[in-house]
Amino acid sequence: MAMDNSAVAADIERYLKQHETKSLLRFITCGSVDDGKSTLIGRLLYESKMLFEDQLAAIEADSAKWGTQGRDIDFALLVDGLSAEREQGITIDVAYRYFSTERRKFIVADTPGHEQYTRNMVTGASTADVAVVLVDARRGILTQTRRHSFLVSLIGIRKVVLAVNKMDLVGYSEEVYGRIVDEYREFARHLHLDEVTAIPLSALRGDNMVEPGDRTPWYHGPTLLGYLETVDPGARQQAPEAFRLPVQWVNRPNLDFRGFAGTVASGSVKPGDRVRVQPSGRESRVARIVTADGDLPVAVAGQSVTLTLTDEIDISRGNVISRADAPAEVADQFEATLVWMAEEPMFPGRAYLLKIGTETVTATITQPKYKLNVNTLEHLAARKLDLNEIGVCNIALDRVIAFDPYAANRETGGFILIDRLTNHTIGAGMLHFALRRAHNIHLQHLDVDKAARATLKGQTPCVLWFTGLSGAGKSTIANLVEKRLLAMGRHTYLLDGDNVRHGLNKDLGFSDTDRVENVRRVGEVARLMVDAGLIVLTAFISPFRAERALARSLLAEGEFLEIHVDTPLDVAESRDVKGLYRKARRGELRNFTGIDSPYEVPESPALRVNTADCSAEQAADLVLALLQERGLIR
């Protein structure tokens, strides 16, 4: 009995050792909806003997309930786990599956084919070494096939399998297969996808999946599994000398230990190596490489470690530790390719959160240089990016960061954009290079500062940001407040929406994009005026919360007071001194707030006044009382 147990233990150890030494390949399946991606992965899992008996029994039951293949097993159900996916027969989320063969371990991401889920495809592709692009032999190359192929090239995947699926439905026609392959290779050539391996398949019937298919005697290339077992993924690996460790956490368990924890993004490091901390540029040497299992002689890409340095250097989360002789770049302005993933368009000038590695900063996107037509690859003029559109833009950050061009290092060159209000991921991008002006333009130190100017005027500078519908009474109230502040000897300036559009913003219209830029410019001017020591009043509709939040972020804590002139639409429309509502109702004035353009109500303003219930004079009294309450006037 003891011998049997030892033999079993030896077999287990041998099995585990074998798996330790196997290489790992990450790949994705992508393409248009109903091209058979989930079926293909299900077939691979089935053929690689990675299913237990209870799983087979469950999938047979599920096939009877949800399947689309009659009495046959519907392999797609092995991957489509969400009830909505099973009911509709589509993939919505990214489904990851692990399987292995005698030669290699695999992690496969089944990505959705529907256009509205393109963002999920980008997520799946971000860590992949190989892309399997499926094409339904009946339908050929579609727009989504081209879009996914473009994203594959954009993300940096260079090894592509063109899996021409459902060959059984076209009679295994060599002519159909050849036509699709020729069309795809011509498109791929423009994307610099030079390593395309085409395979005719029937994922449902198993042809050329694991064994060569008898029904395609004209095909003499590899099977899909044969290709995946032998392909070399090394082309996507970062050059080993470019060490990068984004700092995730400063590890300080006691007074005698201070280490910097993170995952090695690329390259390797060992004790004694000279490193540079960026963006500060300070240098030191690695003292120890600490892990839970003890110190290491060397750390390589993918390992989570804590580094200690020989010198005391100020390092925080988001900094990047690089090799001193091959450091990352630092900048705060870039050109980047951006994939937009949100239902709401990308508006130039709006502030978003940008997350790159472990660092999160505020980013503003300029007007796109161009967007790409994924069918023709031509560059098109654009003022914004809509859902699933891809464009090239300039991006400005609120502070410098360490980075590498995405083409050199995807870990330190790729980023996501996050909505500041909802925390939703709304875009993904790849940095190309730092703009020259990012290195040539610097803040000039001035001896006379805001405090000195405010002291001279004997007041506390701030911004009173009046927001509300057209006709609510913003300008009337702001004008009354300014007159009373002037009578008190205060130094003020009123920025009125209509007045500003006669000069500073006369080049802007009333589209959502122009409204964003209108408020962005006013916010910057208001910040300069506060720096001059003034009490600034702004009277603008400013319909979007994001832009009001941006204006607030430009100022110090307590300097921005949002005042919502909360007048019901019917009351504001009944006033209509300028006749704008009547024009909007007749369709003569487009993008009018409250009629065919939204107004996002402030969630927690410093003051809310309803001019339907009080006069302008009473509203002005409330504003002055607020200033006194906050200690801004006496």
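In this predicted model, β7 and strand β15 (residues 320-323) run antiparallel and are joined by three bridges. Within this pairing, Arg244 stands opposite Ser322 of β15. The two strands belong to an open sheet of seven strands, arranged in the order β7-β15-β11-β12-β14-β9-β8 with antiparallel pairing. At the edges of this sheet are β7 (244-246) and β8 (249-254), each of which pairs on one side only. From one strand to the next, the twist averages 40 degrees.

The peptide bond joining Gln278 and Pro279 is cis, with omega at about 20 degrees. As a reminder for anyone inspecting the backbone, most peptide bonds are trans, and most residues other than glycine have a negative phi.

A second open sheet is built from five strands with parallel pairing, in the order β25-β26-β24-β27-β28. Here β25 (492-496) and β28 (607-609) stand at the edges; each has a single partner strand, so one side of each is left without a neighbour in the sheet. One place to look in detail is the pairing of strand β27 (residues 560-565) with β28: the two run parallel and are joined by three bridges. Among the residues involved, Ile563 has Leu607 in β28 as its bridge partner. Helix α18 packs on this sheet, where it touches β24 (462-467), β27 and β28. The direction of α18 makes about 170 degrees with that of β28.

Besides packing on the sheet, α18 meets another helix. The axes of helix α12 (residues 474-487) and helix α18 (residues 616-629) come within 9 Å and cross at roughly 55 degrees. The crossing of α12 past α18 is right-handed. On the α12 side, the contact involves Thr476, Ile477, Leu480, Val481, Arg484 and Leu485. The partners in α18 are Ala616, Glu617, Ala619, Ala620, Asp621, Val623, Leu624 and Leu627. By residue type, the contact of α12 with α18 divides into 10 nonpolar residues, one polar and three charged.

Helix α6 (residues 143-155) and helix α7 (residues 174-190) have axes that come within 11 Å and cross at roughly 40 degrees. That angle makes α6 oblique to α7, and the crossing of the two helices is right-handed. Thr145, Arg146 and Ser149 of α6 make the contact with Glu183, Tyr184 and Phe187 of α7. The residues in the contact of α6 with α7 divide into two nonpolar, two polar and two charged.

Asn423 is placed in the loop between β22 (414-418) and β23 (425-434). Although Asn423 is not a glycine, its phi is positive, near 70 degrees. Asn423 counts as exposed, because its relative accessibility is 57% and the cut-off for exposed is over 50%. Ser542, for its part, sits in the loop between β26 (535-539) and α15 (545-553). Ser542 is likewise not a glycine, and its phi is positive at about 40 degrees. With a relative accessibility of 3%, Ser542 counts as buried, because the limit for that class is under 20%.

A few totals set these details in the context of the chain. The protein chain has 18 helices and 28 strands. Of its 634 residues, 52% count as buried. Among contacts in the protein chain between residues at least 6 apart in sequence, 72% join residues at least 24 apart.

Definitions and conventions
Residues numbered from 1 in each chain as written. Predicted model: local features only at pLDDT ≥ 70, side-chain atom pairs only at ≥ 80, totals over all residues. Heavy atoms only, no water. Helix = DSSP H or I, 4+ residues; strand = E, 2+ residues; numbered from the N terminus. Buried < 20%, exposed > 50% of the residue type's maximum accessible area, 1.4 Å probe, protein only. Axes fitted to C-alpha atoms, helices over the stretch in contact; angles between N-to-C directions. Left-handed = near helix turned anticlockwise from the far one by under 90°. Contact = heavy atoms within 4.5 Å. Nonpolar A, V, L, I, M, F, W, Y, C, P; charged D, E, K, R; others polar. Pairing = 2+ DSSP bridges. Parallel < 35°, antiparallel > 145°, perpendicular 65-115°, else oblique.
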